[in-house]
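Hi,

Here's the structure I said I'd pass on.

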Amino acid sequence: MKIVIMGCGRVGAQLASLLDSDGHKITVLDVDAHSFRRLPPSFGGTALVGDGTDEEVLRKAGVGEAGAFVAVTQGDNRNVMAAQIAKHVFNVPKVLCRIYDPLRKDVYETLGLEAVSPTTVFAQLLRDKLLSA
Amino acid sequence: MYMIIVGGGSVGYHLCKALLKEGHEILVLDKDATKCDNFEDEMGSVCVRGDGCEVATLAEAGVSRAEVFIAATDEDEDNLVACQIAKHKFGVPRTIARVNDPKNEEIFRKLGVDCPISVTNLILEHIEEKIPTHPLIHLLTMGEEKIQIVEVKILEGSKSAGKSVKDLALPSDSILALLIRNGQKPQVPTADTILEVNDRIIALTTTDSEEILQKELASG
């Protein structure tokens, strides 16, 4: 499956690398070419410099033919905007985005956007670890 | 009327000043403490420090009783998210977003912002208007239905010059509403009205038919 990942930070790079070794066709987007240093040498996908909230950049990245789109930049709003463009303009079948702010995540989930809040997930994980010790 | 403005930059500042003068109740939200202080010094307590995309901040600002919500920062993604949260979480009836990248105007509309405004597009429209050889000027676009009010000028060599309205192959969703002829009162054109060079036509059309209308009226 062709998958476009927006944001090549630690999470984006690792996700790209995992999916690449699973045999998927990956394109990673980042506004800063320096971020691509995080990709392993074995990475066989495409790395593209550009802003994923820009419709033209998404088109160039092949979002129109992608089976999935994942937005994992540092900015909640950037992720939300890019994910909505992927979903509603390019009709990508599977769209996921990271939203740090749990309340914002709730709003967008009611609007039909599939989102993960690392804040909530990590807080719960820490609590479970603390209480199980 | 209670209105919220997100972003206290130059657009937010001048909007706030103008709307206060018109007697509206205004609250500006900005993340920057210095900007808030400046508002406070000049206009009293009209500015609250906070992130206009955060649900808690918006709740505190009383967004649910606002009738108009304006997102005027210089970041498109922030303006989009602020408007969407105001609309869907707090039920604000009218959301207005400043659009910095002109191609986002259409996207914002599609994603539920009631009134996206691209300053670049506004300036472009004014340039169109001032260039006399440009045969079609957009006067107004209405909502999702893509209804357009346009002005078309009949130029030297236009094939419609000398023809009557009934002989034109106008798109079925377009109508010539008003004829402006030099030195005369504007009149509503009838089927028998004969068009002349330099006539200006105000027409109702749609985004899809605009090109056919322009071809039929203004091209040679």
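This is a predicted model: local features need pLDDT of at least 70, side-chain atom pairs count only at pLDDT 80 or more; totals for chains, interfaces and linings use all residues.

Chain B has 7 helices and 10 strands. Its radius of gyration is 22 Å, while the globule rule gives 17 Å for 220 residues, so chain B is more spread out than a compact globule. Along the principal axes, its C-alpha atoms fill a box of roughly 65 × 30 × 25 Å. Of the 220 residues in chain B, 33% count as buried. As for contacts in chain B between residues at least 6 apart in sequence, 57% of them link residues at least 24 apart.

Now the interface. On chain B, 16 residues are in contact with 16 residues of chain A. The side of chain B that touches chain A gets at least two residues from each of α3 (55-60), α4 (76-88) and α5 (104-110) of chain B. α4(B) gives the most, with 7 residues. By type, that side of chain B splits into 8 nonpolar, 1 polar and 7 charged residues.

Last, the cores. The largest nonpolar core has 71 residues, and the ones touching the most other members are A:I5, A:F69, B:I4, B:I5, B:F69 and B:I70. Another core, of 12 residues, lies apart from it and includes B:L176, B:I201, B:A203 and B:L213. Back to A:F69: leaving aside neighbours within four places in sequence, A:F69 is in contact with A:V4, A:V63, A:A83, A:A86, A:V92 and A:V95.

Cheers

Definitions and conventions: Residues are numbered from 1 along each chain as its sequence is written. Chains are lettered from A and ligands numbered from 1 in the order in which they are written. A nonpolar core is a set of buried Ala, Val, Leu, Ile, Met, Phe, Trp, Tyr and Cys residues joined through C-beta atoms within 7 Å. A residue is buried if 20 or more other C-beta atoms lie within 10 Å of its own, exposed if 12 or fewer, and partly exposed in between; C-beta atoms are placed from the backbone. Two residues are in contact if their C-beta atoms, placed from the backbone, lie within 7 Å. Helices (H or I, at least four residues) and strands (E, at least two) are DSSP runs, numbered from the N terminus. Ala, Val, Leu, Ile, Met, Phe, Trp, Tyr, Cys and Pro count as nonpolar, Asp, Glu, Lys and Arg as charged, and the others, Gly among them, as polar. The radius of gyration is taken over C-alpha atoms; the globule rule is 2.2 Å times the number of residues to the power 0.38.
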